[in-house]
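Open your viewer and get ready to click. We will go from one whole chain to a contact between chains, and then to a single residue.

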There are 2 protein chains.
Amino acid sequence: MTKAPALLPEGLRDRLPAQAEAASRVTRALVDAMRAHGYGRVSPPLAEFRETLGGNDERAARDLFRFTDPVSQRTLALRPDITRQVGRIATSLLAHAPRPLRLCYAGQVVKLRASQLRPAREMLQVGAELIGSDSVAAAREIVSVAIDALDAGGIGRVTIDFTLPDVVDLLAAGPLPITADLQMLRDELDAKDAGALARIGAEAYLPLLRATGPFDRAIADLRAFDTAGVLTSRIDALEEIAAPIRGRADLTLDPTERHGFAYQSWFGFQIFVPGQGDAIGRGGGYAIPVGDDQEEPAVGFSLYPDPLIDEGLGVERDSERRIFLPLGHDPALAASLRADGWQTVAALTDADEAARLGCGFTLGPEGPIAA
Amino acid sequence: MTKAPALLPEGLRDRLPAQAEAASRVTRALVDAMRAHGYGRVSPPLAEFRETLGGNDERAARDLFRFTDPVSQRTLALRPDITRQVGRIATSLLAHAPRPLRLCYAGQVVKLRASQLRPAREMLQVGAELIGSDSVAAAREIVSVAIDALDAGGIGRVTIDFTLPDVVDLLAAGPLPITADLQMLRDELDAKDAGALARIGAEAYLPLLRATGPFDRAIADLRAFDTAGVLTSRIDALEEIAAPIRGRADLTLDPTERHGFAYQSWFGFQIFVPGQGDAIGRGGGYAIPVGDDQEEPAVGFSLYPDPLIDEGLGVERDSERRIFLPLGHDPALAASLRADGWQTVAALTDADEAARLGCGFTLGPEGPIAA
């Protein structure tokens, strides 16, 4: 016996009606919420030159589906991420648009290899970027917009886990110099390995591991630890960012968390939903290269709602409003039902197929008749 | 002097806010109209195995962006078309769903090479497929759904140009046998080359070239030409398909037109919009291979609305409803404006940036103040 070959490559799949419609409904709600905050939607292409998708970086290039373009004779790649494309748009086509420039997007991204937590290699990415500032006000806005979007998308209560990507740099350059390599220190803090911290002579950093957890307690621990006050502006900023969303989300702090924040500047956050192991989104401040060693500051966030849609987010049961139209029905009446939100299913033969085609109603001469 | 390298490959481009939002708005309207007729939306992946995208056919394969998948070690391709993917879904995941099966879709497709008329290599394709029948009733429904969708999308009055893909086969197998190769005859009719028809001894087919143009006159010419009556059922069918859309679209007939109908069965149509040289959509009957020489009949249509969106279809001017929120504004008031359809643009500093950020209003303590 031979096993039938799979119809689709691993990590790529079809979405059937209930969930394809749900994906579209959730996307609409997320984008509409971001647009309501003045974020204009942009649509970059599915593929572009490898270099502009980060393909010069060997590590990032491993993530790319690459192929040769017969027209340009150059290597193109499928986009693994839309944030970078939005940065390219902001610094090219929209280089002269007024700042702060607010842009949002929704689209499919494709990765060459799936992650351990998520088998999908194609996924929906939806997000917003505020370009031209990474001030506390900008950070506060972007986090609030994320919460509004999650609300509008029906995602329910989330946990926002804040981090401070440059906390180690500030401490090492100030009150807590270390002899060990800074990258090693960051790695051990990220791994929460107290023993390793001691081994590399960074015991002074141990309290950072405890300044983690529910926001207010962790912030208090961080303030207590920061006797030299080098983190005061960062801590004050986080309090300011958190203020408008208190009560709308559960807040936590993990100041040395670095996962997925390789390009973040001074603040970052991950978005967790109960029951989902992996974050369903992340954001923070970052810098967009503009060429000639110039950079433009920005803040933004990305959401990856597929796992939630797979579990039923946005799925609607609309069979109650599905009506069978027998041969000879009144087309004007059918049109008025559609205008009223019904789904009509027209007969192609004179058989009564209402039940077989999932219709709870049949159109009679006077209107809908329940099956 | 060296020319700066292009930022994007030829035929791939970014959509900026006005038009990205318009594309989304038009897509929503088209899909909603198809769903109202009971067509469930499906979302196939952006890439799949070359074979299931038609890559076994050498001619079709030239159209494909191909690359090797490190996971399956097989060749994948970007989808150049969604219809075939919907056929795959209908005959695999949905093989046991009741027929007729009505599915719709909207998504980006990518072609390796642009056509002469359209420089784009990535484009939006939106369409509907009715699977399990290619009867006259099915054909009539799919054409009516296309017109409803075009209406809902704001596309305005279109011309539907019908064709009869098997007209030459019916005539050659019946009253008008020819000695020349049938494919050559089809090609010369498609090229409307009267001289060539004479040269290959197919003068009897010349009247077909004149049975072309406005629907009623061309249908009358075709009936007059078809003295043997082998086309009667086809002609009657076209009259039946045309009946419900008379008055809603301009109708023409070009019985031997074959462009883009390689896979069509007995009827086909192209959709033209005034001012657009190329068709903006096409449809017809076709057969989906099910394996073991089995086929499933289907009818469907595809729309390619990008050129219309480029010319302003779906673009809305919403700056009147764009309001600047100064520092210290009432957040509850701002939220209620957003719920009411306003776009709010929050200040990040205490500067008044309403005009610079394109806002026609500023939020005062009592509500919007016109600039």
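Count the contacts in chain A with a separation of 6 or more: what percentage of them comes from residues 24 or more positions apart? The share is 65%. Keep in mind that this model is predicted.

**Stop 1: chain A**

Now look at the C-alpha trace. Along its principal axes it spans about 85 × 60 × 55 Å. Chain A has 371 residues, and 53% of them count as buried.

Next, colour by domain. Domain 1 of chain A takes in residues 17-44 and 79-310. Domain 2 covers residues 321-370. Taken over C-alpha atoms, the centres of these two domains of chain A are 49 Å apart.

**Stop 2: where chain A meets chain B**

Show both chains. Select the residues in contact: 77 come from chain A and 78 from chain B. How much area is buried between chain B and chain A? The value is about 6,200 Å², and carbon and sulfur atoms give 61% of that. Now pick Arg28(B), Arg35(B) and Leu348(B). Together they supply 11% of the area that chain B buries against chain A, more than any other three residues.

To see a salt bridge, select Arg88(A) and Asp14(B) and show their side chains. The distance from N to O is 2.6 Å.

Which helix gives the most to the side of chain B that touches chain A? Select helix H1 of chain B, residues 17-36: this helix contributes 9 residues. Then colour that whole side of chain B by residue type. You get 39 nonpolar, 12 polar and 27 charged residues.

**Stop 3: one residue in chain B**

Stay with chain B and select helix H9, residues 215-225. Zoom in on Ile219(B), which lies in this helix. Is Ile219(B) buried or exposed? Its relative accessibility is 3%, so Ile219(B) counts as buried; the cut-off for buried is under 20%.

What does Ile219(B) touch? Leave out residues up to four places away in sequence, and select Ile235(B), Leu238(B), Glu239(B) and Leu253(B). Ile219(B) touches each of these four.

Finish with a distance. Pick the C-alpha atoms of Ile219(B) and Arg317(B). These residues are 98 apart along the chain, and 44 Å separates the two atoms.

Note on methods:
Residues numbered from 1 in each chain as written. Chains lettered and ligands numbered in written order. Predicted model: local features only at pLDDT ≥ 70, side-chain atom pairs only at ≥ 80, totals over all residues. Heavy atoms only, no water. Domains from an automatic or database assignment. Contact = heavy atoms within 4.5 Å. Buried area = accessible area lost by both parts, 1.4 Å probe. Salt bridge = Lys/Arg side-chain N within 4 Å of Asp/Glu carboxyl O. Helix = DSSP H or I, 4+ residues; strand = E, 2+ residues; numbered from the N terminus. Nonpolar A, V, L, I, M, F, W, Y, C, P; charged D, E, K, R; others polar. Buried < 20%, exposed > 50% of the residue type's maximum accessible area, 1.4 Å probe, protein only.
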